[in-house]
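Please open the model in your viewer and keep the selection panel at hand. The tour goes from selection to selection and says what to look for at each stop.

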Amino acid sequence: MDYKRHLVTAALPYANGPVHIGHLAGCYLPADIYVRYQRAQKRDVKFICGSDEHGVPITIRAMREGVTPQDVVDKYNTIIKDSFAGMGISFDIYSRTSNKIHQETSQAFFKKLYDDGAFEERESEQYYDAEKDVFLADRYIIGTCPNCANPNAYGDQCEKCGSTLSPEQLIEPRSALSNSPLVKKATTHWYFPLNKYEDFLKEWIVEGKKDEWKSNVYGQCKSWLDSGLQPRAMTRDSSWGVPVPLPGAKGKVLYVWFDAPIGYISATKELTAQWSDYWCKEDTKLVHFIGKDNIVFHCIIFPAMLKAHGGFVLPENVPANEFLNIEGEKVSTSRNWAVWVDEYIKDFPDQQDALRYVLCANAPESKDNDFTWKDFQDRVNNELSAVLGNFENRAFVLMHKLCKGRVPALHADEINDMDKALMADIRDAKTKVENAIESYKFREGLAEVIDLARKGNKYLQDNAPWSLAKTPELQEANQKRIDICMHLCLQLTANLAILLNPFLPFTAGKMCKKMKVVERMLEWENAGRIDLLKVNYPLLPPELLFRKIEDEEVATQVQKLQDNLKKATQAIVENSTAAAVKAEQETPLAAPKATITFDDFAKIDLRVGTILKAEKVEKADKLLKLEVDMGTEVRTIVSGIAMHFSPEEIIGKQVSVVANLAPRKMRGIESNGMILMAQNADGKLIFVSPLATADNGSEVK
RNA sequence: GGCGAGGUAGCUCAGUUGGUUAGAGCACAGGAUUCAUAACCCUGAGGUCGGGAGUUCAAAUCUCCUCCUCGCUACCA
C-alpha cells in the first residue's frame, strides 16, 4: 500500500519515576530513528508520545511521599520530558494524560462504546475500606505475603520476593490508606467483551500479520488468542483518573489501560487540527513502538477497542523490543538497578550519540540483551571512534594538508576501478540502510553505516595519499590522484552524515557544521550522491567527533550501580521494618492474629506423622504428594513445598500435621491435612518437627 | 505443567525457499604502515550451529524427543 502519512507512537512512559536506558533501547530510540528517517525522506510523519499519569502506583507513591498525585506526575513528567529532549528523541508532541483534552477524548471514546452497547455491566465483590469509604484496587491492599512472609506485600505483587499475587492470597489483608481490616462489598464495573473480537483479531493478526510482525510479537499474540480472550473490566474504583462519564458512576474512573492508548489520539489532537487524517484515513501507516511488556495491550486490547469504536486505522506494525539487562541482571527500579537517562546526561555531557550508538548497536531486537559499561566503552572506542570518527578525522586532516583546506577536484577522466568501487559502495549503502530501517532492523542499518566508514578507511589505506606527497615534487606529480582520493573521501563523509543522521543526529549536525553545509543536505534523497560538496569549497579545520571512554569512567559507573543497589536494598529493609513497627504501634490489637480461646485452639487436631512416600505432582511445579503415617492410618497430603525440598530428602521425616483440616482437591488429588512449616523472612521453609522421635499419631498440644 | 521467544566462534549477532570448505564486528595473535583518536590496513587462530534420533543424495535450516535461559500462565490451606 502506498501510504500518504505516517503516524508513529512510542509507549507512554509511566510518570512515577524517571526513564532508564532500557526504556530508551526498547522503544524510544528505535522510534526516533524510524521517524528521523521518515522525515529525511520528506514523508508526512507525526511522532506522538506523552506521560501516562493515571493508575494506582502513582497514588501510592503520592501517599508515601505525602503529596498529591498531581505533584507526583508533574515532577516526573518534567524529568522524563527533559531526558528525552536531552537524548534527542524528537517527538512532535510530548503530551500527558492528565490534560483536559485527554479527559474529553477518552470519555467520548468510552461514551461511544457505552452508547453502542459494547460494554457488559457486571457486579462483583471487592475489598472495601469502610473507614475511608472507598473500594481498594489491588495495589491498595497490603497484607502478609504467603510466599515469603513479608508483612507489607501488595495485593498484586510482593516486592520482596517478586511473586505475583491476588488480594485473596494475602494473609490478614488491610487497607493501605487507613491500615484497617477490609470487608468485601459489591461494586459495578463495565467490562469490554474481548472474546467477541476474537474472530476479528485472529483474522487480522494470525492470518494477516504472519510474515510481517516480528516473531516475538506475533507469537505472543497468537498465544493469547489461542488460549481464548476474556471480558476485561475497563473501569476502576478510584479518585485518580478519568471519571467514567455516566450518571451514577461516582468514584469510578477509566481503567488506566483503557485511557492510556487513547492518549495517543488525544496527543495528536493537541498537536494538529488535522488529527483525524492521521487516525482515520486508510492510507495512514500507524506504527506503535513499545517494549515487550506492552504487546497484549497494543496488539489485542487497543485494536479491539478501535474496532469496536469504528472509524480508526489499526496499527500496521508493532515492532516491540525485548528487554535490556544491566551488567547481567534484570533492571529493577525498586532495587535501583538501572542506568537512569537523566544521570547519564549529567555524567556524560555532550555524549548523547555515544549512548545512542551503543543502545542501537546492541538493541534487544530479537531477544533480551545485556548492557555493560565495558561493552559501552569497547563499542564507543573501537567502533564508533576508531572506525567512523577516525575516518572522518583522517579525511579532514589530509584534505587540509594535501589540498589546502578546500574540496579538491574529482578529475572525472582519471578515475580508476578503486574509485568506481567506492562510488558504488556509497550508492549501495543508501539502499542497505534504507531497507534495514524500513524493516525495523536498526542495528543492521547502523552496522551498514559503520561498514561504509570502514570501506572509507580501506580506500584511504589503499590509495595512501600521504605517501604520494612525501616530497613537494612527488606531490606535484601526484596531485591529480590525491585530489580524486580526497574528493571521494570528503563526499563519502558527507554521505556518512546523511546515513548517520537518523541514528546519531548530534554527530550528523556537527559534521554539517564542519563541512559548512546546511542541514538540508541531510535529506535522504541526497544519499548516494558524490557531488554534495562543491569543488574548491573551504572546510573547517579538523576536530574530533567522539572522545574515548576512559577506564576510570567505566569503573565509576559500575561502582555507582553497586552503590545504588546497596542503598536501595537497605532502604527496602528499613522501610519494611519501619512499616511493620509503625503498624504495630498504631494498631496494637491488630497484631498478627486475634486472640483465640483455648476451645478455639482445641478445635485443631494437631498430630505427629511420618512421611513414608513423596513424589512430584504432575503438571505442578510447587506441589509434592505425600503419604504420611498417622499411626492409625496412612494419609495423602498435598503440600506446596516442591520448590524447597526434593521428594527423596524428606522421606522418613517426622512432621506435625493439621489432621482435621477439611479435605481439598489440588491438581486433582485430594489432600487430607496440612504439614506445618516455619518460614524465614527469606522464604526458606523449615519443618516443624518433634526434636526427638514421637509415636506416629500422637497429639501436639 | 501449558503457551510464547531464544539457545550459532571468548563476547554481541547474521544465516533468505534445506545445497559447495557455517559468516560479520569486537576481543586475541602475527605482519604492514604512520595521514589519523597507539587509531587505520592485511593475515591468522578460534565453532561436531544446546544434546539425541529421524527424513533426505544433502540439515544450522524440515520432523520427533530432550536439556538450558527469558516472558506469560497454572498449582501453594
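This is a predicted model: local features need pLDDT of at least 70, side-chain atom pairs count only at pLDDT 80 or more; totals for chains, interfaces and linings use all residues.

Begin by colouring chain A by its domains, which are domain 1 (5–117 + 256–326), domain 2 (372–526) and domain 3 (598–687). Between the centres of domain 1 and domain 2, taken over C-alpha atoms, the separation is 38 Å, and the contact takes 18 residues from domain 1 and 14 residues from domain 2.

Next, select Phe258, Phe371 and Phe376, which are the residues with the most contacts inside the largest nonpolar core, a set of 172 residues. Helix α15 (residues 472–500) gives the most to this core, contributing 14 residues. Because domain 1 (5–117 + 256–326) and domain 2 (372–526) both supply residues to this core, it lies between them.

Stay with Phe258 and show its surroundings: leaving aside residues up to four places away in sequence, Phe258 touches Ser106, Phe109, Phe110, Leu113, Phe119, Met234 and Met305. Another core lies apart from the largest one and has 17 residues, among them Ala614, Leu626, Val628 and Ala659.

Finally, select helix α11 (residues 352–361) together with helix α16 (residues 505–515), whose axes come within 8 Å and cross at roughly 130°; α11 and α16 are therefore oblique to each other. On the α11 side the contact is made by Gln352, Asp353 and Arg356, and on the α16 side by Pro505, Phe506 and Thr507. Sorted by class, the contact of α11 with α16 comprises two nonpolar, two polar and two charged residues.

Key: Residues are numbered from 1 along each chain as its sequence is written. Chains are lettered from A and ligands numbered from 1 in the order in which they are written. Side-chain values use heavy atoms; hydrogens and water are left out. Axes are lines fitted to C-alpha atoms, for helices over the stretch in contact, and angles run from 0 to 180 degrees between N-to-C directions. Helices (H or I, at least four residues) and strands (E, at least two) are DSSP runs, numbered from the N terminus. Angles under 35 degrees count as roughly parallel, over 145 as roughly antiparallel, 65 to 115 as roughly perpendicular and the rest as oblique. Contact means heavy atoms within 4.5 Å. Ala, Val, Leu, Ile, Met, Phe, Trp, Tyr, Cys and Pro count as nonpolar, Asp, Glu, Lys and Arg as charged, and the others, Gly among them, as polar. A nonpolar core is a set of buried Ala, Val, Leu, Ile, Met, Phe, Trp, Tyr and Cys residues joined through side-chain atoms within 4.5 Å. Buried means under 20% relative accessible area, exposed over 50%, partly exposed in between (1.4 Å probe, protein chains only). Domain bounds come from an automatic or database domain assignment.
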